[in-house]
Amino acid sequence: MPAYVLRHAGTNLLAGFYFADREIDLFDLIDRDGGTEAYEYTIIRDGFGIEFRTGEGTVEVALDDPKMPAKLAKAKWVLMTDELLWGLAESKTLEWRKILSD
């Protein structure tokens, strides 16, 4: 299942990270909260990683854990791999697309 980074279109302001089987599923996820027009996405690829951290280390959460939102809320910061940070900072290395723009 692909992972997507979402940003506000034409900016470097991140809006979120999403997992969806297909672009239409990503559209459905974003559209629930008020529309997709204001966003564009790129697919997270090899070497890209995100880690939720607290002072004690990584926040460990199972994806099917019903307490996941509360556990993630305890994270003090988010670490990203150098590849992801570079890709986000130098957006020319990533292909940003409007949702369902084909």
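Thr42 is buried, with a relative accessible area of 4% (buried means under 20% relative accessible area, exposed over 50% and partly exposed in between, using a 1.4 Å probe and protein chains only). Welcome to a predicted model, in which local features need pLDDT of at least 70, side-chain atom pairs count only at pLDDT 80 or more, and totals for chains, interfaces and linings use all residues. Residues are numbered from 1 along each chain as its sequence is written, and side-chain values use heavy atoms, with hydrogens and water left out.

**Around Thr42**

- You will find Thr42 in strand E3, residues 39-43 (helices, H or I with at least four residues, and strands, E with at least two, are DSSP runs numbered from the N terminus).
- Beyond its neighbours within four places in sequence, Thr42 is in contact with Ala3, Tyr4, Val5, Leu94, Glu95 and Trp96 (contact means heavy atoms within 4.5 Å).
- A polar atom of the Thr42 side chain lies 3.1 Å from the backbone oxygen of Glu95.

**The sheet**

- Four strands form an open sheet in the order E2-E1-E3-E7, with antiparallel pairing (two strands pair if DSSP finds at least two bridges between them).
- At the edges are strand E2 (14-19) and strand E7 (97-98), each pairing on one side only.
- E1 and E2 run antiparallel and are joined by five bridges; here Leu6 has Gly16 in E2 as its bridge partner.
- Five bridges also link E1 and E3 in the antiparallel sense, with Glu40 in E3 as the bridge partner of Arg7.
- Between E3 and E7, the antiparallel pairing covers two bridges, and Glu40 stands opposite Lys98 in E7.
- Helix H1 (residues 23-31) lies across E1, E2, E3 and E7, and runs at about 125° to E2 (axes are lines fitted to C-alpha atoms, for helices over the stretch in contact, and angles run from 0 to 180 degrees between N-to-C directions).

**The nonpolar cores**

- Ala3, Val5, Ile44, Phe48, Leu84, Leu88, Leu94 and Trp96 are the eight residues of the largest nonpolar core (a set of buried Ala, Val, Leu, Ile, Met, Phe, Trp, Tyr and Cys residues joined through side-chain atoms within 4.5 Å).
- Strand E1 (3-8) and helix H3 (82-89) each supply at least two residues of this core.
- A second, separate core has seven residues, including Tyr4, Leu6, Ala20 and Ile30.
- Leaving out residues up to four places away in sequence, Val5 touches several residues, among them Thr42, Ile44, Leu84, Leu88 and Trp96.
- In soluble globular proteins, nonpolar side chains tend to be buried together.

Conventions:
A polar contact is a pair of N or O atoms within 3.5 Å; within protein, one must be able to donate a hydrogen and the other to accept it, and residues adjacent in sequence count only if both atoms are side-chain atoms.
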